Structure formats: structure tokens, C-alpha cells
2 protein chains.
Amino acid sequence: MATLYTAPTGNGRKPLILVRLLKEAPIKVHLFKWPTPEVKQEWYLKLNPNGLIPTFVDPSKEIELYESNNLLEYLAFTYDTERKFHYSLDESPQLHWQQNQWLFFQGTQYAAHTLAIAVIYTKKNPNDAFTREFTLKNFNSIFTTLETQLSKSESGWFIGDKFTIVDIAFLCDEHRRREVTRGTDWWIDVEAKYPRIEEWYQRALNFENVKQILEEPISS
Amino acid sequence: MATLYTAPTGNGRKPLILVRLLKEAPIKVHLFKWPTPEVKQEWYLKLNPNGLIPTFVDPSKEIELYESNNLLEYLAFTYDTERKFHYSLDESPQLHWQQNQWLFFQGTQYAAHTLAIAVIYTKKNPNDAFTREFTLKNFNSIFTTLETQLSKSESGWFIGDKFTIVDIAFLCDEHRRREVTRGTDWWIDVEAKYPRIEEWYQRALNFENVKQILEEPISS
């Protein structure tokens, strides 16, 4: 049977949310407790040689895939046949390629400069001024881009007029960034500095049962 | 007219190579001298609010896009009608989604742990043991994944039996990594440690006129 192997992390929750929203999709969810040594075991490394989550396999179609934003696209294109959560190429080439662009921007620029740095540096807690200034400058640049994009949006979502896989990608990592940095001196007052992002974040949290999915217990 | 704004950097060369290989594509190339203050000027920020390259615009189709790997996909799907350099969904779903997966892996894991760190750290030249060990451990993990993928390949290319946009994405950033780290103590002896990657790198450099495109002069 088609199976999603994942865990409640920033990247891991992305396909989890989409699968839960696509209530009828015949996909089994294997939710690891996190962290787990299982992802470095031989059976799992055969599916994902990096030992990372998430991974999606569908033996009936000879599909074995990873990379969270790639899974968002694959799952949407394959199972979201009513196009509730994505734009297809034949529906709108402009929105389809913007969707792809923002998924790359989320996985590269956003993740490199905000989530990854937040995770690494809150654990290492570096106190040199250069690192802090460099990090916060990049953070501000990325968040200004997102604030601008959301300011231009009439719907309040990243692209077009609906909640899509782009919103899912940003929401999961932004939620994770907040979980990791809350209470540390890397916490950013998004509400004061980036009001459109804060409004979008609350809107996305309250979309259908997204908040409940984000709070799913860590054990499977 | 459709125009590609780019420069001779790791990400900038990706769409440049594809456009040059697609000899008949009606695309004008605007090659910036690099670095240039022009990308932070108002006219360019309207096209790319982050002031980064590359950017692709096609007014006739209302297309304005960025993110280098997104451009590789857009340009291939739009102009590579003979499918010389990519796999389309109807040609092979498995290879199409692997292609997408490796483009995300290149833009996220590879870039975050090798190119970006190489660029940042060779300029900062940090000498603390933790940073160096952490960086080289991540580098080794990523390169082992690539070595494994290439060891399984019968064609010598990353996916399927042809040189694709996945090879272009890795080649450009790997070429840039070597340009930036050569002669520094961040140089890695890829030939000795990762022979399949070295063979692939030389094979890709010698594909059609790729080497010549990589060496295009910096002024336009």
C-alpha cells in the first residue's frame, strides 16, 4: 500500500497535512516518534539513503520519493484531483510555475536563512556579533519578501485565491521555527514587524483542521 | 521578447547552460557583469524582489519567474519540446518525479551543506574546530549520497539514460564550489574520495559545449 513515512518536524509535517486534508487518499501514514534511530536502520535507508524524513513509497506504481516539497507536489498532482490545494499546469501556467517557484524559495532561501539557522544556532547559542548580525539581516530580507508577496495578495494566501501546497510548506517550517526559538533570544516579534505574515499564519493555522494536525501526538 | 537575466555564478549558469544547449529557443540572454549593483536597482527589483539572479520574463505569456531550479524546469518543459534534456510526466512518471526530487535535493541539501557553506566559510575562514567538523561531516554525507546514486547509474548521468537538467543543476554548483574553494584549506580531493562524482563531473564538463558555456566571459 502507498505509505508516507514521516514525523512531526517542520519538513515532516508538510506531506502529513496534505494527506490529512485529502481525507479520501488511500495512503497509510507511518508516523515516527521523533527523534528515532529507525531512520538510520537498513530497512529505512533502502527507501531514503540520507536517513531523513519524509519519504513516500507506492510499490504499485514503482514510486519511491523524498524531499518534502517534492512530496507536496507529487501528492497534490496525484491525489488532489479536485485541485482544492494546488494549481495544475493546464489550469493556470502562471500560477503553476509561481507555485513551483515559491516551493523552491521556501526550501532554499527561507529554510537556509531562517529555519536551519534557527535550529543550528539556538542549539549552539553562538554569541559572536557577526553571526548574529548576518543571520538577522538574512532573516529580515526573506521575511520582507514574504511580507511583500502577502501584501499584494487579495485572498490572503501566497498564490492565487486558495490555500495551496505553498501555504502548507511555509506554515510547517514557520510553525517549527516558532516552536524552536520561542523563549530564546532568537525569537522574532513577527506580529509587530511583519503584520501580513502574522495574519497569514493565524489564517493558515485556522484553515480546516490544520491546527489539530500540527498538534498530533509525537507517538504514532 | 522572452529574456533571461543572469550572471556567471553557480545558480546563474544553470538556466544559461540550458538556453545555450537549446540553440533554437527564442530567448534573449542578459548577462550581468558580476557582481553588479544593477540587481538592487528599482527596475530589476520589480522583476525579482530579492535582487538575486537568475530571473526569466516573458511578457507575451505574462511569465515572471525566479529560483534557478524552477527556471530549469520551466525552460525545459516550455522549450525542450524534443525532450533532449528532461523527462516529462507523460514520458515517465517515475523519472519525472525523481528529476523533481533531485532538483529539490540539489537546491536544499547540496547547496546548504556544500556550496553555501563553502562560500560563507571560505570568505570568513573560521578556524574553530566545531564549525569545520560540522561542515565536513555534512559535506561527506551529501557527497556519499551522490556517489551512491551515480554508482547505481548505468548511463553515468544522475537519472535515466540522458544528460538532464538535474546534471546541469549539480554541475553548475559543483563547478562554482571548486572555483571558490580551490587553493584554500576547504578544498576536497573529490577524485580520491568520490571517484564516481569525479567521473561524472568530467563527463558533464565535456558534454556538447558545456565547458565553453561555463567559461563564457563575465561581461555581456
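**Where the domains meet**

Reply: Start with one pair. In this predicted model, A:K23 forms a salt bridge with A:E208, and their closest N and O atoms are 3.7 Å apart. That distance falls within the 4 Å cut-off for a salt bridge.

Now the two parts themselves. The domain assignment of chain A gives domain 1 as 3–82 and domain 2 as 93–210. Their C-alpha centres lie 22 Å apart. Domain 1 of chain A brings 15 residues to the contact, and domain 2 of chain A brings 19 residues.

How much area is buried between them? It is about 1,400 Å², and carbon and sulfur atoms give 63% of it. On the side of domain 1 of chain A, A:R13, A:I17 and A:L21 lose the most area to domain 2 of chain A. Together they account for 33% of what that side buries.

Next, the polar side of the interface. There are 3 salt bridges across it. There are also 4 residue pairs in polar contact, both residues at pLDDT 80 or more.

Which elements of domain 1 of chain A touch domain 2 of chain A with two or more residues? They are α1 (10–21) and α3 (68–79) of chain A. α1(A) gives the most to that side, with 7 residues. By type, the residues on the domain 1 side of chain A divide into 7 nonpolar, 4 polar and 4 charged.

Last, the second copy. A rotation of 180° with 0.0 Å of shift along its axis superposes chain A on chain B, with an RMSD of 0.0 Å. That is the relation of a two-fold axis. In chain A, the C-alpha nearest the axis belongs to A:T108, 2.6 Å from it.

Key
Residues are numbered from 1 along each chain as its sequence is written. Chains are lettered from A and ligands numbered from 1 in the order in which they are written. This is a predicted model: local features need pLDDT of at least 70, side-chain atom pairs count only at pLDDT 80 or more; totals for chains, interfaces and linings use all residues. Side-chain values use heavy atoms; hydrogens and water are left out. Copies are superposed by least squares on the C-alpha atoms of residues with pLDDT of at least 70 in both. Domain bounds come from an automatic or database domain assignment. Contact means heavy atoms within 4.5 Å. Buried area is the accessible area (1.4 Å probe) that two parts lose on being put together, summed over both. A salt bridge is a side-chain nitrogen of Lys or Arg within 4 Å of a carboxyl oxygen of Asp or Glu. A polar contact is a pair of N or O atoms within 3.5 Å; within protein, one must be able to donate a hydrogen and the other to accept it, and residues adjacent in sequence count only if both atoms are side-chain atoms. Helices (H or I, at least four residues) and strands (E, at least two) are DSSP runs, numbered from the N terminus. Ala, Val, Leu, Ile, Met, Phe, Trp, Tyr, Cys and Pro count as nonpolar, Asp, Glu, Lys and Arg as charged, and the others, Gly among them, as polar.
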